[in-house]
Amino acid sequence: MFVQLRYNFRVTPDAAQRTALAQAFGCARVVFNDALRLRQQARETGEKYVSDGELSRRIITEAKATPQRVWLGEVSAVVLQQALADLNTAYRNFFNSLSGKRKGRKLAPPRYRSRKDNRQAIRFTKNARFTILDNGRLRLPKIGDLPVRWSRALPSDPSSVTIIKDAVGRYFASFVVTIGEDETLPPVEPEIGIDLGLTHFAVMSDGTKMTAPKFLRRAARKLKRLQQALSRKQKGSNRRKKAVAQVARAHARVADTRRDWQHKLSTAIIRDNQAVYVEDLCVAGLGRTRLAKSVHDAGWAGFTGMLEYKAARYGRTFARVDRFFPSTRMCSTCGRINDKMPLNVREWNCPCGSHHDRDVNAAINIKAAGQADFNDRRAQVRPGLVPAPRSEAVTRQNAARATRSVAGIAVL
Ligand SMILES: [Zn+2]
């Protein structure tokens with residue numbers, strides 16, 4: 001089985017490179033928006049869907065010949081092609097979501113990109129001839145040689161690199177690397193179910209309870225205080241500007257710390273267990289309730305994404321268990337479904353005589369359901385490619401990845 005993974009590193013472009021990057025970000029955005037506009041106009045006037053090939057011809061090749069878009073020729077053509085590829089992917093996901101082919105939350109049609117977006121990004125593929133030089137710098141066509149803070153080695157040649165500028169003005173290089181089966185870990189006995197909850201970050205079927213570490217909770221509290229201070233500042237004032245920058249920095253710090261902690265936790269879980277089952281949380285659904293804040297703070301989606309790709313990478317089993325059964329009030333000993341319990345009931349007794357910790361009982365049920373479910377499906381062909389989870393990249397302002405400076409250069 002092959003797995004695609006993202007590896008993110010901080011890059012530190014100089015002033016000239018930042019200018020060249022800004023130009024490339026701008027051109028990619030213009031191409032994306034022009035293409036989106038063309039498709040929307042075609043739909044409004046009842047023309048047929050503009051094919052990917054025609055889109056490329058009209059938005060890039062022909063546009064470069066016009067005085068309004070002649071500057072598109074100043075950036076790497078691959079960057080522009082990749083902007084169109086992004087749009088095509090967004091459309092495909094949208095259509096698949098409409099038809100039900102794509103599971104999960106319903107997706108909105110593609111939206112215009114703005115220069116004010118928190119995240120600016122461009123992608124270079126292999127044929128754009130990006131190279132990692134012997135001196136450790138990343139050479140990008142028409143940008144230059146960017147210094148990279150290599151914090152770990154790339155396991156093999158990357159197939160693409162995305163250059164990202166986040167809300168705080170940091171730059172990252174995100175490499176996509178395809179790895180083979182050689183990283184499969186030796187099999188182990190234990191299998192585990194995980195209940196993701198509000199009182200604890202995660203509770204395991206073996207009774208282990210994981211709480212977010214103190215330093216993370218402290219950083220989150222500080223962020224909250226800064227946000228409150230910000231809301232009191234007058235619009236347009238200098239103090240407000242300063243507060244905005246403070247909040248953004250604190251936000252990035254919380255996200256980095258959380259991500260780091262979740263990486264350690266997910267790696268340990270995958271290393272120690274042969275199979276991992278979690279409840280399918282429908283986080284999108286929960287997100288609309290008043291639990292939203294704590295749900296997003298907990299960052300479960302990112303965490304289960306880590307478990308999923310690490311399982312694929314190291315040859316473990318990972319499955320999300322559908323929420324078709326009441327995992328909390330079903331007795332894991334006798335299977336009896338008891339009455340609904342308010343959130344403050346942490347322990348309960350079943351008429352069969354079993355005494356349960358609410359969350360551990362749920363985790364045991366999730367494990368059992370996952371094992372049953374997985375055995376049913378074992379005969380089916382499993383998908384061979386796990387896409388690099390977006391949570392691994394710096395995709396949103398709150399998903400900035402931790403970067404550690406470690407001496408040494410990636411070995412390719
Ligand atoms: Zn019972």
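Two strands are said to pair if DSSP finds at least two bridges between them, and by that rule β9 and strand β10 (residues 202–204) pair in the antiparallel sense, over two bridges. The model discussed here is a predicted one. Its largest nonpolar core has 73 residues and draws at least three residues from each of domain 1 (2–182) and domain 2 (189–377).

**The five-stranded sheet**
- β9 and β10 belong to an open sheet of five strands, which has the order β11-β10-β9-β12-β13 and mixed pairing.
- Within the pairing of β9 with β10, Ile194 has Met204 of β10 as its bridge partner.

**The three-stranded sheet**
- Another open sheet has three strands in the order β3-β4-β5, and its pairing is antiparallel.
- Its edge strands are β3 (131–132) and β5, each of which pairs on one side only.
- β4 and β5 are joined in the antiparallel sense over three bridges, and Leu140 stands opposite Gly144 in β5.

**The largest nonpolar core**
- The residues with the most contacts inside this core are Ala28, Val31, Val79, Leu80 and Val276.
- Helix α1 provides the largest share of the core, namely ten residues.
- Leaving aside residues up to four places away in sequence, Val79 touches Ala24, Cys27, Ala28, Ile122, Arg123 and Phe124.

**Helix α3**
- Helix α3 (residues 77–99) has 23 residues and reaches 33 Å from its first C-alpha to its last, which is close to the 33 Å expected at 1.5 Å a residue.
- The buried residues in α3 include Val78, Val79, Leu80, Gln82, Ala83, Leu84 and Leu87, and among the elements that cover the buried residues of this helix are α1 (15–44), α2 (52–64) and β2 (120–125).
- Just after α3 comes Gly100, which takes a positive phi of about 90°.

**Helix α5**
- Helix α5 (residues 238–272) has 35 residues, and the distance from its first C-alpha to its last is 52 Å, close to the 51 Å expected at 1.5 Å a residue.
- Buried residues in α5 include Ala252, Val254, Ala255, Arg258, Arg259, Gln262, Ser266, Ile269 and Ile270.
- The cover over the buried residues of α5 includes β9 (191–195), α4 (214–232), β12 (275–279) and α8 (300–314), and of these β9 and β12 are also strands of the five-stranded sheet.

**Two loop residues**
- Lys142 lies in the loop between β4 (138–140) and β5 (144–146), and it counts as partly exposed because 14 other C-beta atoms lie within 10 Å.
- Although Lys142 and Glu74 are 68 residues apart along the chain, their C-alpha atoms are separated by 7.8 Å.
- Not counting residues up to four places away in sequence, Lys142 touches Ala20, Val75 and Ser76.
- Pro326 lies in the loop between β13 and β14 (347–349), and with 13 C-beta neighbours inside 10 Å it is classed as partly exposed.
- The C-alpha atoms of Pro326 and Ile366 are separated by 9.8 Å, with the two residues 40 residues apart along the chain.

Technical notes: Residues are numbered from 1 along each chain as its sequence is written. This is a predicted model: local features need pLDDT of at least 70, side-chain atom pairs count only at pLDDT 80 or more; totals for chains, interfaces and linings use all residues. Helices (H or I, at least four residues) and strands (E, at least two) are DSSP runs, numbered from the N terminus. The expected span of a helix is 1.5 Å times one less than its number of residues. A residue is buried if 20 or more other C-beta atoms lie within 10 Å of its own, exposed if 12 or fewer, and partly exposed in between; C-beta atoms are placed from the backbone. Two residues are in contact if their C-beta atoms, placed from the backbone, lie within 7 Å. A nonpolar core is a set of buried Ala, Val, Leu, Ile, Met, Phe, Trp, Tyr and Cys residues joined through C-beta atoms within 7 Å. Domain bounds come from an automatic or database domain assignment.
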